[in-house]
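Look at the sequence and the model, then read on.

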Amino acid sequence: MNILEVSELNVAFPTRRGLVRASQNVNFSVKEGEICVLIGETGSGKSVIGQAVLHLLPQNARVSGSVRYAGEEILLISEQKFSRLRGHEISLIPQNPTGSLDPLMRCGQQVAEVLDVCGVPKEEHSSRTTSILSALSFSDPELVAASYPHELSGGMRQRLTTGIALAASPRLLVADEPTKGLDYAARKRTIEMFLNLKRRGTDSVLMITHDLELAEMIADQAGVLYSGELVEFGPAADVFSSPLHPYTKGLMAALPKNGMTPMPGMCPGLAQLPDGCYFHDRCPTPCEENHVHPLMHEVCGRQVRCSRC
Amino acid sequence: MHHYLIKRTAYLILTLVIASMFTFVVVNATPGEPAEVLARHLYIGLEEVAPPELIAEVSERYDLNKPLLQQYLEWVGGILHGDLGHSILFNKPVDRLLMLHLPPTILLTAVAMSFATIAGLVLGIYSALHQNKISDHIIRVGTIFSVSMPGFWVAVMLILVFSIWLGLTPVSGYSGPQYIILPAIALGLHTMASIIRIMRTSMLETMDKPFVTFAKAKGLPMRRVICSHACKNAFLPVLTVIGMSFGALLAGSVVIETIFSWPGIGAMLMKAISARDLVLIESTIMVIVFMFLIVNFVIDLLYHVIDPRITYE
């Protein structure tokens, strides 16, 4: 069963230089108990998808399309209705653990807030917080609960934000670039944590990342974004081992283990997208009918946006 | 912490010593021979010219002939013994005058500060949460207006509108709670505008911080995201403005108290300055400086209470 179905999702931001189309006609779904990873470079519109799912887009964003959570339309529902889902049904693992913790509030209280939202009675907060913290392998959970975020190490903060995201046992986790800006050790721990989630097999995760190694290790389904569009979506093993779209091929070739061959050119700006194929200028095997915008179509059990495939 | 308190106290004393020197030099360097101005204020009309014999007599009587250094040391020595000196103009000990006039000033400043802080925070937060809406624009125009208009003009306009045209408040005086409304608004308006501006900017900045996004993602209702996360963090820079504004309020009270016939040290200082009542001016200014330093000391300690990242070692 699909826990999350995104169809024809469009997100645009009006700016002085014109409409920036951050995400265009994005279609994908996340099955229950599956890890779906969206890959893309900076500016490919991957983060706005996560923000749209969680209703965290800036106020000036123009959103259309449909996002269904467990069969229920959630994209255009009121903030009031949606806030019931946040935290206990859908929760976020933020990209910046240090910045995501309120510097003026004790860590225990920041965990307890989620419990409060889920209706856990006040007198159980401290015992539940302690058990959540010990489950995150903190050796002295009471001390951590009484500390302020600046008194913890970077790795501890990472574990804490993950703990807050998991506190209410949500059905869907959205992880927005969980390894961005982390040092080697913290990144390794984060990857291990997601591998644990994968092994458990019960959590549904939508992960947004540009960390291809992480994606390859944990993804069940993988989607590749280019200039706001999905260009390839399918089972992760296939996408990584035999990419179909020339952009995906280029990304894989740029990995260190595949010879680190860089792709020429830059992706077009989201405010001035060409009419035809967005990848045409960089394509190693360009086709003649470049003025026609290619549509997603199914090739060997995968969705690909390329008229050559 | 103890170490910090000792250090702060040492700084406080040092600041007071430097302030006393500055005050003494500036007061004595003000154009116009003190003895002559005093003679005109005490013995003859203000528009008349004091004869040299009278000036000599006044100088002799009030020790104005002594070298400045000696005068300074005698004044400071007196303060160290708990004697703030004797006012020539009012013919009363300075501490008596301060006991009489300090409470109204403290009351006025406290009410003006509370008004400025509460109104400033509420309007600043409101403005930030309604960014670029009509209410935000109105508040911002009002803020620019309040910052640019001088206090005495605002005071006169308030009297004109609320006392004379609408008849809602008394024009001036000090005999009931309703008398404090206009002077407190006139005095606090400028500070309120500064607090609105800082709070609005700080709030907008804080609302974009990842911890606010994460608080939303946790499922907290918007009211709670704003109250328990955003406002508290956005308030920190405002605290600095409050400490600084306290000095501006004390300085502003000189003019505002005179306009509203408020019997505080501001109005008293005004009279003392025009009559060159040197000891009264100097001692009153020292008390004002002392109050300003104490308030800022308390605010520094408040930082630590609000923000656990700040420690005093």
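## Where the chains meet

The contact (heavy atoms within 4.5 Å) takes 19 residues from chain B and 24 residues from chain A. The two chains bury about 2,000 Å² between them, 64% of it on carbon and sulfur atoms. Buried area is the accessible area (1.4 Å probe) lost when two parts are put together, summed over both. On the chain B side, F214(B), K218(B) and P308(B) lose the most area to chain A, together 32% of what that side buries.

Chain B and chain A share 2 salt bridges. A salt bridge puts a side-chain nitrogen of Lys or Arg within 4 Å of a carboxyl oxygen of Asp or Glu. K218(B) and E113(A) form one through their side chains, at 2.8 Å from N to O.

## The sheet in chain A

In chain A, 4 strands form an open sheet in the order 2-1-4-5, with antiparallel pairing. Strands are DSSP runs of E, at least two residues long, numbered from the N terminus. Two strands pair if DSSP finds at least two bridges between them. Strand 2 (18-31) and strand 5 (72-73) of chain A are the edges: each pairs on one side only. 2 bridges join strand 4 (residues 62-69) of chain A to strand 5 of chain A. Y69(A) has E72(A) as its bridge partner in strand 5 of chain A.

## About the model

This is a predicted model: local features need pLDDT of at least 70, side-chain atom pairs need 80 or more, and totals for chains, interfaces and linings use all residues. Residues are numbered from 1 along each chain as written, chains are lettered from A and ligands numbered from 1 in written order, and side-chain values use heavy atoms, leaving out hydrogens and water.
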